[in-house]
Amino acid sequence: MTADTFPYSYKINAVSVVDKDGQVTVAPDADGRKAIADAFNLVGVDDLVTDFLLKPYRKAGLRVVGPVTADIRQTCVVTLEPFESRLEIAVDRTFEPHSSRPRKIRDLNDDGEIEIDLETLDPPDVILDGVLDLGAVICEELALALDPFPRKPGVAFEESAGVSGGTQGEAAETPEDKPSPFAALQALKEKPVKGK
């Protein structure tokens with residue numbers, strides 16, 4: 001993860017929490033929330049708070065566990081009106097320092113392949129230069145949780161109105177006026193062939 005990729009950054013020294021659990025609360029200020037809103041095409045981010053528990057993971061890694069809660073404003077794709085919603089995201093991620101050393105023979109199985117433990121939720125992310133950017137973690141989790149086609153609660157797509165361009169009553173009559181393509185195929189099938 002690089003700071004250039006994400007609109008908000010909150011860096012911590014990963015080495016400081018390797019030996020013991022640590023609690024970190026991250027609450028971006030107004031400028032940070034505006035940067036996040038602009039990056040994710042949101043009308044606004046009114047509140048954003050995380051309460052992470054950082055735990056040692058393996059030799060030099062750490063595990064980040066805790067909730068991300070955000071009060072956001074989005075534009076409804078149906079009505080084009082802004083609406084508010086609340087996101088509650090449970091984060092559970094692991095991080096390990098980046099290693100430039102090649103894998104040793106003992107890391108490989110008898111077939112010369114690297115074995116991966118499928119019991120873990122995800123493979124560990126990378127800690128770069130002993131620094132972990134919790135801001136990048138927050139931005140990644142938000143990006144995954146956001147609905148790409150947000151709709152105001154209770155609003156549904158009116159497909160028939162969109163197709164006909166008229167009122168719902170007119171749209172309801174349209175399918176009866178148009179013959180089914182399958183009916184046209186049936187008529188061709190039943191049509192007698194000349195010369196037989």
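Biologist: Which residues of strand β2 (residues 22-26) form its covered face?

Modeller: This is a predicted model, in which local features need pLDDT of at least 70 and side-chain atom pairs count only at pLDDT 80 or more, while totals for chains, interfaces and linings use all residues. Residues are numbered from 1 along each chain as its sequence is written, and side-chain values use heavy atoms, with hydrogens and water left out. Strand β2 has an uncovered face with Q23 and T25. Its covered face consists of G22, V24 and V26.

Biologist: In which sense do β2 and strand β3 (residues 44-57) pair, and over how many bridges?

Modeller: Strands are DSSP runs of E of at least two residues, helices are runs of H or I of at least four, and both are numbered from the N terminus. Two strands pair if DSSP finds at least two bridges between them. Q23 stands opposite L53 in β3. The pairing of β2 and β3 is antiparallel, over five bridges.

Biologist: Is T50 buried or exposed?

Modeller: T50 lies in strand β3 and touches, among others, V24, T25 and V26, where contact means heavy atoms within 4.5 Å. Buried means under 20% relative accessible area, exposed over 50%, and partly exposed in between, with a 1.4 Å probe and protein chains only. Because its relative accessible area is 0%, T50 is buried.

Methods
Lists of a residue's contacts leave out its neighbours within four places in sequence.
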